[in-house]
Amino acid sequence: MSIKQITAERSAQQIVAEDFMIARARIVELAATLDRIERATGDVDDSKNMQLLMQGMHILCDDEVEKAKRVQLLMSRQYDPQWQVQMSIERKGT
Amino acid sequence: MDYIDPHLHMVSRTTDDYETLARMGCVAISEPAFWAGFDRGSVDSFRDYFRQLTDFEPKRAAQYGIAHFTWLCINAKEAENVTLSREVIAMIPEFLDCKNVLGIGEIGLNKNTRNEATIFMEHVDLAVKYKQQILIHTPHLEDKYQGTRMILDMLMGDSRIDRSRVLVDHVEEHTIEHVLENGFWAGMTLYPVSKCTPQRAADMIERYGPERLMANSAGDWGPSKPTAIPDLIMELKKRGHSRELIQRVVYENPRTFFNQSKPFPH
């Protein structure tokens, strides 16, 4: 689609300065969650959710753009374009 | 700043919330029919609910100068009960002439099942038959992407649908582009954990522009904040965006969309 991006009023430096405390708090929260899991009894090596969290954190650190969208897609069920055939759904109004 | 919340479940909120909303600039609300937190057992339960939406809530809102509009349907969660769903769909026309009814909604998918898709399409038939606008619920979390794509497939495969009269709600970073690029309106829901924050909504406004885009609180009986739109207004102001841009998203866009069904009093 044609993106009608609005010119950002803030520079990258400004965003880092203004959003640093919020981002910092969220990283600490994430780190504390991992510590909590580490200290607890039990094994999460086979946990699908744990694997998704680790893959999500890799997206945060890679060099690619659209990180929020990519994390969302990582955490999503697959879409099958043939779903109507699979479910035997009859199209209406065609 | 005056604003409109296009998706707010006031039946779940107190009268104090109406007062707070009015003090924060809310001039109109649209309230889609939704899940009550439990599955209802009969068509008469829905008839009473629709009476509440079309009679009681507009009066409660009016005490605080807020215009109240509504949408009618059986929600996707209860659509697994196909027999009950069909009884409710057959009953809905009793209410379509009520002066605050904007259309059919919030219809959509929940777990993306065959029954949900069947009832979704029967709601669409109803909307087409009675020339009603449509407000759509997209699923939560891991079901959202798949469900949104399925909903768009059903709508785009139906030549009777006027896309400019359909609002697809609860869009997020991975679904917004599919909705906007295909000519539908999109709504971003500001929800504490499971949907979108004011900051991410502001990001999407910057990324995609304000055309056919609006924001809502979807305040209901769960963890939610009915005054979330003022939070978005504040975030956009903090980022230095113009009053015109903010007003377009939180007031002009919902007004333009809803005016296709019922003229707004403001």
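## Basis of the model

This is a predicted model, in which local features need pLDDT of at least 70 and side-chain atom pairs count only at pLDDT 80 or more, while totals for chains, interfaces and linings use all residues. Residues are numbered from 1 along each chain as its sequence is written, and chains are lettered from A and ligands numbered from 1 in the order in which they are written.

## Helix pair α2(B) and α3(B)

The axes of α2(B) and helix α3 (residues 82–91) of chain B come within 9 Å and cross at roughly 40 degrees. Axes are lines fitted to C-alpha atoms, for helices over the stretch in contact, with angles from 0 to 180 degrees between N-to-C directions.

From α2(B), the contact is made by Val43(B), Phe46(B) and Arg47(B), and from α3(B) by Leu84(B), Glu87(B), Val88(B) and Met91(B). Residues are in contact if their C-beta atoms, placed from the backbone, lie within 7 Å. By class, five of these residues are nonpolar, none polar and two charged.

## Sheet of chain B

Chain B holds an open sheet of eight strands with parallel pairing, in the order β1-β2-β3-β4-β5-β6-β7-β8. Strands (E, at least two residues) and helices (H or I, at least four) are DSSP runs numbered from the N terminus, and two strands pair if DSSP finds at least two bridges between them. The edge strands, each pairing on one side only, are β1 (3–5) and β8 (213–216) of chain B. Neighbouring strands of this sheet are turned by 25 degrees against each other on average, direction ignored.

Helix α2 (residues 43–62) of chain B packs on the sheet, where it touches β2 (26–32), β3 (67–72) and β4 of chain B. The direction of α2(B) makes about 170 degrees with that of β3(B).

Glu116(B) lies in helix α4 (residues 114–129) of chain B. With 26 C-beta neighbours inside 10 Å, Glu116(B) counts as buried (20 or more other C-beta atoms within 10 Å; exposed if 12 or fewer, partly exposed in between). Glu116(B) and Ala76(B) are 40 residues apart in sequence, yet 5.9 Å apart in space, C-alpha to C-alpha.

## Interface of chains A and B

At the interface, 25 residues of chain A are in contact with 33 residues of chain B. On the side of chain A that touches chain B, α3(A) gives the most, with four residues.

Conventions
Contact = placed C-beta atoms within 7 Å. Nonpolar A, V, L, I, M, F, W, Y, C, P; charged D, E, K, R; others polar.
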